[in-house]
Structures are given as C-alpha cells and as structure tokens.
Amino acid sequence: MMDILNILLSESFWAASLRIATPLIFGVLGALICERAGVLNLGIEGIFVVGAMCGWMAVWLGAGLWGGVLVAALAGAFFGLLHAILTVPLGLSQHVSGLGITLFATSVSYFTYRTALPNVSSPPRIEPFQPLDLPILSDLPFLGSVLFQQTALTWLALLLVAVVWYVMNRTALGVAIKAVGDNPDSVDAQGLSVYALRMGAITVGSALMALGGAFLTMSAFDAFFFGMVNGRGWVCIALVIFASWRPGKALLGALLFGAFDALQVRLQTEIGALVPGQVFLMAPYILSIIALVIAARSADYPRALLTPWFKGQR
Amino acid sequence: MIRIEPRETQSRTFTLGVPILSAVIALALAAIPLLAAGANPIVAYAEMFRGVFGSVFAFSEVLTRATPLIFTGLAAALAFRAKLWNIGAEGQLYLGAMAAVAIGSGVLDVPGILLLPMIVILGAAAGAAGMVAPTYLKTRFGADEVVTTLLLNFIILIFVQMMLEGPLQDPMSLGWPQSAPVLDQGMLPPLMERLRVHSGLILALILAGLAQFMLARSVWGFRLRAVGENAAAARHAGINVKRSLFGVAILSGGLAGLAGVSEVAGLKGYLTADLSPGFGYTGIVVAMLAGLSPAGVVIAALFIASVFVGADSMSRAMGVSSFLADLVVSMSLLCVLVGGFVARYRIVRSSTARAAS
C-alpha cells in the first residue's frame with residue numbers, strides 16, 4: 001500500500017500519466033467533434049496510423065518537426081474528408097464506412113512505409129520533439145516538473161482542449177455543430193448547410209486524431225513501427241462516451257486513463273513476479289470497457305448520431 | 001436542382017453487379033500503388049493471376065485461405081443482418097482456437113472418435129461465449145458493442161500470449177510461446193494428398209448453405225431480419241428482440257470460433273499468437289462484399305482469398321510489398337459501400353422540387 005502511495009506522490013508518475021494521455025487527448029477531442037456533429041468516426045484507429053506514419057516520414061524526409069505535424073494533420077483531414085463524403089451526402093453506414101477507412105488508411109500507411117523502406121532491419125530514427133522549458137511555469141513546485149518533462153505536442157493538446165471547449169460553448173459555430181448532431185432539420189430550417197457543418201466537423205476532427213498518431217512517432221518514440229497504435233483509437237471511442245462529449249471531461253478521462261496506465265507499468269516492476277506481465281497489458285483495455293459500461297447507462301448521445309440526413313427529405 | 005431519392009425497386013442486376021464491379025474497380029485501382037512502387041501493373045496482374053490459377057497447388061492455397069474467411073464472413077453477415085455490430089470475430093477466433101488446442105492436445109481423456117466433434121463443439125462454444133458477454137453489456141447496460149468487441153480483441157490476444165507462456169505452452173517447445181500439437185484423431189482430415197486444403201472447408205460450405213436456408217426460409221431468419229430492419233417495429237409485432245439478439249450473438253461468435261478451430265485443427269496443428277493475420281476484420285469485408293448473404297459470403301471469401309494468395313505470389317516475384325493485398329481488400333469495401341448507394345438511390349435533376357412528404 002505504501003508503494004502505491006509513493007508512486008502516486010512521485011513527479012515522474014504524473015509526468016508519465018500526462019505523456020500517456022496526450023495521444024488520447026487528441027483522439028478524444030477529434031472523436032468528440034465528429035460525434036457532436038452526429039457522425040461516428042470509426043476511422044480513428046487508421047487515422048492514428050496515418051498520422052503516425054506521415055508525420056514521421058515528413059520529418060525523415062527533412063520537413064522539420066512542425067512540418068511533420070502539419071503533414072500528419074493534412075493526411076488525417078484527407079481520410080476524414082473521405083469518411084465525410086461517404087457518410088454525409090451519401091448517407092452510408094457510419095459503422096462500415098469507418099471500419100473501411102481504418103482498413104484503408106492502415107494499409108495505405110503500411111504499404112507506403114514498406115515501399116519507401118523495403119530493406120531496413122531496424123526502423124530509421126528521427127530527432128523527436130524535446131521537453132519544452134517554459135519560463136516561470138517550469139519553476140512551479142511539483143506541477144512545474146511534471147509539465148517541464150513534456151514536449152510541445154503535449155502543450156498543443158492541452159491548448160486544443162481549451163480551444164475546442166471555447167468553440168463548442170462560446171461561439172455560434174459550436175452551437176451550430178451541436179445542433180447539427182441533435183436536430184439537423186432545425187439547422188436546415190435556419191438556412192445553414194447541414195452537409196457543410198457535418199463534413200467540416202469530421203475533417204477537422206480527423207486532423208486532430210492524426211495529431212494523436214503523430215505524437216507517437218514524433219514525441220513518445222522516434223520511429224514508426226507496424227502495430228504501434230495498438231487500439232489507442234478504439235480507446236478514444238470509449239473515452240468520448242465516458243466524457244459525455246465534453247472537452248473538459250475528455251481531458252479528465254484521458255488523464256485518468258493515463259494515470260492508470262502509468263500506475264500499472266510501475267506496479268508491474270513492484271509486484272511483477274506475482275502476476276504474469278500480460279495482466280498489466282490487458283488493464284487499459286479492460287479499464288476502457290469498464291468506463292464505457294459505467295457511462296453508457298446515463299450517456300446522453302447526440303440525438304442524431306448515426307442518423308443520415310438528406311436535404312428535402314423528412 | 002439535384003436531389004437524391006430512393007429507387008422504387010431494387011433490381012437483381014444491381015444486387016449482383018455492384019459487388020462484382022466493386023471488386024474489379026478495387027483491383028484496377030491497385031495499379032496506382034503498383035506504379036508508385038515502380039512495378040509494371042500488367043506484369044503484376046499476370047503474376048497475381050498465375051499465383052491463383054497457375055497450378056492445382058496455387059488454387060488449393062486459395063481454398064485453404066478462403067476457409068477461415070467463410071467462417072468469419074458468415075459471423076459478420078449474420079450479426080450485421082440483425083444490426084448487431086460484432087467487430088470481435090478476431091478475438092472470438094482465438095477463443096475457438098484456444099479451446100481447440102486445450103481439448104485437442106490430450107488434456108481431456110476423451111475416446112479418440114469423440115475428440116474431433118468435441119473440439120468443434122467446444123471451440124464454437126468458446127467463440128460464442130466471447131460474443132455473449134458484449135451482447136449482455138449492450139442489452140443490460142447499453143454499452144456499445146462496437147467498442148466492447150473491438151477492445152475485447154486486444155484483451156483476448158494478450159490472454160492468448162499469456163496462456164502460450166503458461167498453461168497452454170508445449171513443454172517440448174523449448175520456451176517458444178507455442179501450444180502442444182492437436183492429437184491426430186483431433187485433426188480435420190485433409191481433402192487432397194500433399195495439399196493443405198482440409199475438411200474445414202466442407203464444414204464452412206455446409207454452414208453457409210444452412211445459414212442461407214435458415215435466413216431465407218425459417219421463422220428464425222424472418223425474426224432476425226425483422227429485428228435488423230426495425231427493432232421497434234419487431235418488438236411491437238411481438239418478437240422478443242433481446243432473445244433474437246442473443247441467438248444471433250451465439251451463432252456469430254460460434255462461427256468465428258470455428259474459424260479458429262479450423263485453422264488450428266485443419267491447418268497449423270498447434271496454436272501461436274500469430275495464428276490469424278486479421279481474418280476477423282477481413283471477414284467484415286467479405287460479409288459486406290457478399291451483401292450480407294451467406295451464399296455470397298462463399299464467393300466473396302474466394303475472391304478475397306485469391307487477392308491475398310495472388311498478391312503474396314506477385315510480391316515474391318516482383319518485390320512489391322504484400323500489403324498491396326490489404327489495400328485491394330480495403331478499397332473493395334469502400335467501393336462496395338459506394339456501389340450500394342448507387343443501387344439504392346438515384347440522383348434526379350428536377351426543376352420543381354417535389355413537395356416533401
């Protein structure tokens with residue numbers, strides 16, 4: 001018990017939690033924007049892969065780190081737009097289209113990587129984002145050293161939580177996006193384009209998802225591996241329900257998840273001899289299912305989620 | 001003004017034509033990545049064709065590869081018919097495979113003649129159990145089965161690795177994470193000498209026929225379709241929706257479990273953690289290409305298996321990454337989706353918008 005307390009009080013534990021949470025913050029925010037507009041985006045897992053691959057490859061080809069971030073976001077937006085075309089004007093099954101996007105985006109990424117690098121024994125490395133030293137903030141006790149160990153992408157994720165919150169709750173655009181996910185007919189009646197709002201939300205949301213992938217290859221690690229996304233996208237789909245589609249709670253959910261994941265890694269070194277290591281590896285997925293089950297009962301789904309809307313048909 | 005309206009009738013030409021055309025378009029689109037990889041597409045297609053139809057061995061490999069895809073394709077097709085989104089066939093496949101090696105490697109003292117039937121039944125039961133849990137969470141707590149089945153895939157795969165380093169590990173494997181082999185009496189007999197194609201294919205074909213008949217002709221099939229088309233109306237008509245969902249969950253999970261049984265007891269003989277290269281996920285593509293019809297699943301599985309076997313062979317000959325096969329498979333899913341739209345709706349140009357009904 002003392003061990004757990006020691007872990008929870010250590011700065012490195014909270015720094016690790018925030019690091020693990022970062023890709024999920026991007027992913028949950030992206031999924032939140034899509035679903036608020038009424039469209040489930042199961043392309044998320046593949047869009048993570050595309051973001052990870054494209055971001056890494058752009059840097060490897062010499063685009064610079066922020067160039068890589070931009071390329072990753074654009075690649076995510078591209079696959080998001082594809083999902084948007086299939087699900088909004090064509091009104092196709094959001095489940096099947098999303099899974100199709102995941103399969104397509106993943107195989108495009110793997111094929112491109114393999115074709116560009118046919119014979120490498122170990123994946124080439126890039127110089128990733130380094131921890132960001134900010135004046136004043138980094139000097140704060142405890143919090144300072146937790147934040148001090150983070151890279152610019154983590155700061156970007158935290159900034160985006162605030163931006164998404166502001167847009168969703170304080171702007172006319174946010175009101176329109178939420179309305180289009182609840183009652184598209186009313187949005188149409190006001191003369192706004194349901195198609196444009198939904199497609200825009202999916203495209204932007206997908207760009208954010210790709211940043212989550214880019215964080216993996218450009219900050220958490222320094223290379224691209226097959227299978228490195230490993231279900232993180234699906235975890236985000238569970239977390240967005242847990243967060244009841246609110247940016248603040250999305251941050252909380254991602255942080256909680258990161259904390260549990262960081263805790264299990266540390267427990268593994270403490271009591272690893274007693275329990276097979278795989279039990280700890282399973283924990284994050286089991287945790288996501290538990291979070292989903294807890295939240296599902298009272299979940300207040302956007303009312304038009306999964307329902308296609310066609311102009312001129314009621 | 002351009003508007004979209006549903007077609008009055010769905011013609012047979014579309015039902016059959018859309019999947020075929022989608023497959024052809026996806027294959028044609030593969031020319032782009034082939035060119036990008038510096039390969040001559042014509043030569044590549046010829047290599048793929050030779051890899052599929054070039055010899056008896058080549059085509060027997062397609063049949064071998066199609067076998068698990070028929071099982072997982074049926075698993076997805078039945079569940080999707082009831083709008084039960086089982087994306088967990090990959091995990092259920094591994095549950096079936098684990099049950100098969102657990103029983104088949106001689107742990108239970110079963111008379112030889114009963115061993116194979118027990119492997120098949122308990123393997124299917126294990127797969128079914130893997131789908132009952134998410135269905136319970138869906139009906140009891142409203143937890144989205146898409147997310148739970150997807151996450152379960154990861155949990156089950158890690159569980160398999162744990163078992164292969166623990167209770168299921170072959171003591172003779174010198175530390176490799178690999179199970180003990182299934183006893184000879186527990187193996188599905190091969191169909192042809194010196195070829196890998198095995199009687200799991202026959203089981204898959206029988207089940208596809210049975211599913212086709214039941215879906216089209218039985219009361220059970222009618223209920224299933226009614227629940228899928230409109231759950232509220234089905235409930236109103238006195239159908240026990242929950243029971244129907246559990247019924248299809250058991251069938252879907254069981255079929256996916258049989259894919260694992262068939263791979264272990266028909267092909268590999270033992271279990272490793274890389275038994276399935278994503279058969280569960282590919283089964284979804286198979287089901288969609290088949291228009292969720294069990295008979296169509298057989299044809300779609302043969303097509304997808306040909307793509308994989310052909311691309312493998314082309315990849316060896318020309319040095320193009322075999323991920324090309326995954327590209328073709330995912331593109332054919334997207335094409336068939338769009339094709340389904342063209343079959344269901346038509347685009348009308350009208351100067352006067354018809355009054356909204």
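**A tryptophan and its ring partners**

Tutor: W60(A) is partly exposed, with a relative accessible area of 34% (buried is under 20%, exposed over 50% and partly exposed in between, with a 1.4 Å probe and protein chains only). The model is predicted, so local features need pLDDT of at least 70 and side-chain atom pairs count only at pLDDT 80 or more, whereas totals for chains, interfaces and linings use all residues. Residues are numbered from 1 along each chain as its sequence is written, chains are lettered from A in the order in which they are written, and side-chain values use heavy atoms, with hydrogens and water left out.

W56(A), by contrast, is buried, at a relative accessible area of 0%. Both tryptophans belong to helix α3 (residues 44-60) of chain A, where they are four residues apart and therefore separated by about one helical turn (a helix is a DSSP run of H or I, at least four residues, numbered from the N terminus).

W56(A) and W60(A) make one that is stacked, with 5.4 Å from centre to centre and 15 degrees between the planes (under 30 degrees is stacked, over 60 edge-to-face, the rest tilted). Ring pairs also link these two tryptophans with Y110(A), Y113(A), F224(A), F226(A) and F323(B) into a cluster.

As for the two chains, 47 residues of chain A are in contact with 49 residues of chain B, contact meaning heavy atoms within 4.5 Å.

Technical notes
Rings of Phe, Tyr and Trp (its six-membered ring) pair if their centres lie within 6.5 Å; planes under 30 degrees apart count as stacked, over 60 as edge-to-face and the rest as tilted. Helices (H or I, at least four residues) and strands (E, at least two) are DSSP runs, numbered from the N terminus.
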